[in-house]
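Hello,

Here is the structure I promised to hand over. My notes on it follow below.

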Amino acid sequence: PSETGVRPPHTPRDGTLSEATVLLTRGERVESGVLRVGIGNLMPGMALIGAFQKRFPKIQVEVQYAIFSDIIDAVLEQRVDVGVLPNVPQDGRFISQVCLAQDVVALLPMNHPLVRCSRLHIADLLEEKLIFQKKGSATQRVIDAAFKKANVSPRPTLILETGSEVFEAVANGLGIGFIWRHGTSRKDGAARIPVVEIDSTHEEVVFRRQGFSNAIVDMFFATASSVMSND
């Protein structure tokens with residue numbers, strides 16, 4: 001993988017890379033502008049923004065970090081130009097491009113006895129203090145579906161808004177949370193452990209509203225293609 005940690009789930013179609021190269025070369029002549037990006041996970045969104053800013057340092061980037069439903073609304077209402085999220089609806093409202101495939105894992109304090117396990121089951125977690133994210137979070141949608149399938153309805157002791165808040169809470173020993181495996185580049189303070197019943201892989205995508213684009217948005221999509229091709 002590249003230094004950004006962004007990994008492609010598949011090889012880009014023929015012509016994708018040459019098209020991206022043309023757009024990036026053309027974009028290097030852009031002197032100024034603003035790109036508004038909405039992200040639900042710090043990674044891979046920050047990795048893509050970092051790659052974009054290295055190539056186009058004169059473009060100002062405004063970032064909105066929020067839960068899944070808020071970023072979807074922001075893209076639809078054009079409060080942001082482009083979003084980076086997992087499981088974006090394929091219903092014709094958006095143009096999207098896959099940038100990463102990842103799963104949701106349990107996040108445990110480093111001193112927790114279950115850290116010794118290579119994998120966990122939902123049954124292992126039922127007596128633990130659980131940390132959830134609020135409704136509308138892409139992470140929580142995956143977790144709720146897994147618990148529903150297992151016919152259990154655990155009551156969380158703490159509900160937070162974002163994955164970064166969950167990471168901080170877990171690192172400070174407040175309970176066990178859930179996070180996208182590559183949702184943050186942090187490695188300290190918490191251990192990521194897969195849960196057997198939460199074994200699906202989900203695609204994280206760069207997306208924009210159907211019918212909306214401009215040169216800077218095209219440059220961001222092209223940057224994502226370039227990053228993927230270098231992994």
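The charged end of Arg 208 sits over the ring of Phe 221, 5.9 Å from the ring centre. For this, NZ of Lys or CZ of Arg must be within 6 Å of the ring centre and within 35 degrees of the ring normal.

Before the rest, two notes on the source. This is a predicted model: local features need pLDDT of at least 70, side-chain atom pairs count only at pLDDT 80 or more, and totals for chains, interfaces and linings use all residues. Residues are numbered from 1 along each chain as its sequence is written, and side-chain values use heavy atoms, with hydrogens and water left out.

Next, the rings. The structure has six aromatic pairs (rings of Phe, Tyr and Trp, the last by its six-membered ring, with centres within 6.5 Å; planes under 30 degrees apart are stacked, over 60 edge-to-face, the rest tilted). Phe 52 and Phe 56 form a tilted pair, because their planes stand at 50 degrees, with the ring centres 5.1 Å apart. Ring pairs also link Phe 52, Phe 56 and Phe 220 into a cluster. Both Phe 52 and Phe 56 are buried (under 20% relative accessible area; exposed is over 50%, partly exposed in between, with a 1.4 Å probe and protein chains only).

Now the overall fold. The protein has seven helices and ten strands (DSSP runs numbered from the N terminus: helices are H or I with at least four residues, strands E with at least two). Of its 231 residues, 47% count as buried.

Five strands form an open sheet in the order S2-S1-S3-S10-S4, with mixed pairing (strands pair if DSSP finds at least two bridges between them). Its edge strands are S2 (60-65) and S4 (94-102), each pairing on one side only. Strand S1 (residues 34-39) runs parallel to S2, and six bridges join them. Val 37 has Val 63 in S2 as its bridge partner. Helix H2 (residues 42-55) packs on the sheet and touches S1, S2, S3 (82-86), S4 and S10 (202-209). The direction of H2 makes about 175 degrees with that of S2 (axes are lines fitted to C-alpha atoms, for helices over the stretch in contact; angles run from 0 to 180 degrees between N-to-C directions).

Last, Ile 193. This residue is in strand S9 (residues 190-193). Ile 193 counts as buried because its relative accessibility is 3%. Leaving out residues up to four places away in sequence, Ile 193 touches several residues, including Val 105, Leu 114 and Cys 117 (contact means heavy atoms within 4.5 Å).

Best wishes
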